Amino acid sequence: EKKLNILNLPELEQQAKEIIPTGGFGYISGGSEDEWTLRANRKAFTHKQIVPRALSNIEKPVLDTTVFGFPLKTPVMMAPTAAQGLAHAKGEVDTAKGVAAVGGLMAQSTYSSTSISDTAAAGDGAPQFFQLYMSKDWTFNESLLDEAKKAGVKGIILTVDATVDGYREADIINNFQFPIPMPNLTQYSEGNGQGKGIAEIYASAAQKIGPKDVERIASYTDLPVIVKGIESPEDALYAIGAGAAGVYVSNHGGRQLNGGPASFDVLADVAKAVNGKVPVIFDSGVRRGSDVFKAIASGADLVAIGRPAIYGLALGGAQGVQSVFKHLDQELEIIMQLAGTKTIDDIKKTNLLGINY
Ligand code: FNR
């Protein structure tokens, strides 16, 4: 348990590689096929520029924002990521503590290493969402939704971009199988995930999802349902039409459709289609304060990080997670001040340049 002395988020990957076993590290860090989309996710942030506003009289920007009715101290949230026990013995429980300490929003994965209620309890009253991988087994879906509600979770993230797992070569090379149980699977279905590869785990998840499924989930639960894995304006409109309370723009951190665009490159068009009807969450490749700024200026209400927070967890438990979010917030504050934006709402009103260097 230690505060991390962080220079930047990208450098955490190498540090984490030294302490996470090879199979787990490959699963966490890798993307699919040639990893073009994984790399494009970073590069895309160079496609837009923030114009300095030197005479704007801004001092001490404020990161507070309210999304889905929840007051947050930062627009940066924890993306739902599976099996955090690979990074740290305490897994999601520590991630929840770290995120709560910065006043952020935590999302739990269906494939968490700790149970919905344990993770929720660790969040110290801070809002949490539960991410659902829709199963073919409808009673399983309902059990998880009920359990989330009972645990005090405030929203459901329905991930729709993983009806088959991306072709991830690191996992094949390492013959990767989850070394730790997934408590959410134990309770309601056969097996607990331990000793299985990602393909086997995904095999019980729904292998086709359409608007009717979104409708069914949204009408079952009274929690807001946010549809994750949207990269096209058409899908965003289908999701909203089916009752989605939020659209989550993501390409799963380059782990699913390799050859697809960088998530940032499609964000503005998706946000334009959503047109303020529901909040927009964005992720994939966010590592810098300037990335967060650009995403918000392009239409995101919340910006999520996946891998950097897991690396923070590996390196320093709850404190490490807290340090990662704190560092990103600090970079964001610098950018906001130099760009003449006092608040998150000011960022939303900012026009970026689009010079393709
Ligand atoms: C993920 N992601 C993910 N998404 C989801 O909806 N459910 C899940 O269980 C997981 N699991 C998962 C595990 C690991 C190890 C990673 C790296 C990612 C995707 C995640 O929510 C998010 O979209 C990406 O992590 C964002 O990209 P960056 O920030 O990692 O670049």
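Me: Which residues come nearest to the ligand?
Reply: P80, S109, T159, D283 and R287 come nearest, out of 23 residues around the ligand (a heavy atom within 4 Å). The model is predicted, so local features need pLDDT of at least 70 and side-chain atom pairs 80 or more, while totals for chains, interfaces and linings use all residues. Residues are numbered from 1 along each chain as its sequence is written, and side-chain values use heavy atoms, without hydrogens and water.

Me: What lies 2.7 Å from an oxygen atom of the ligand?
Reply: A backbone N or O atom of P80, which is a polar contact (a pair of N or O atoms within 3.5 Å).

Me: And which residue has a polar side-chain atom 2.9 Å from a ligand oxygen?
Reply: That is K228. The side chain of S250 also has an N or O atom 3.2 Å from an oxygen atom of the ligand.

Me: How much of the ligand does the protein bury?
Reply: 99% of the 590 Å² that the ligand exposes when taken alone (Shrake-Rupley method, 1.4 Å probe).

Me: What classes are in the shell?
Reply: The shell around the ligand has 8 nonpolar, 10 polar and 5 charged residues, with Gly counted as polar and Asp, Glu, Lys and Arg as charged.

Definitions and conventions. A polar contact is a pair of N or O atoms within 3.5 Å; within protein, one must be able to donate a hydrogen and the other to accept it, and residues adjacent in sequence count only if both atoms are side-chain atoms.
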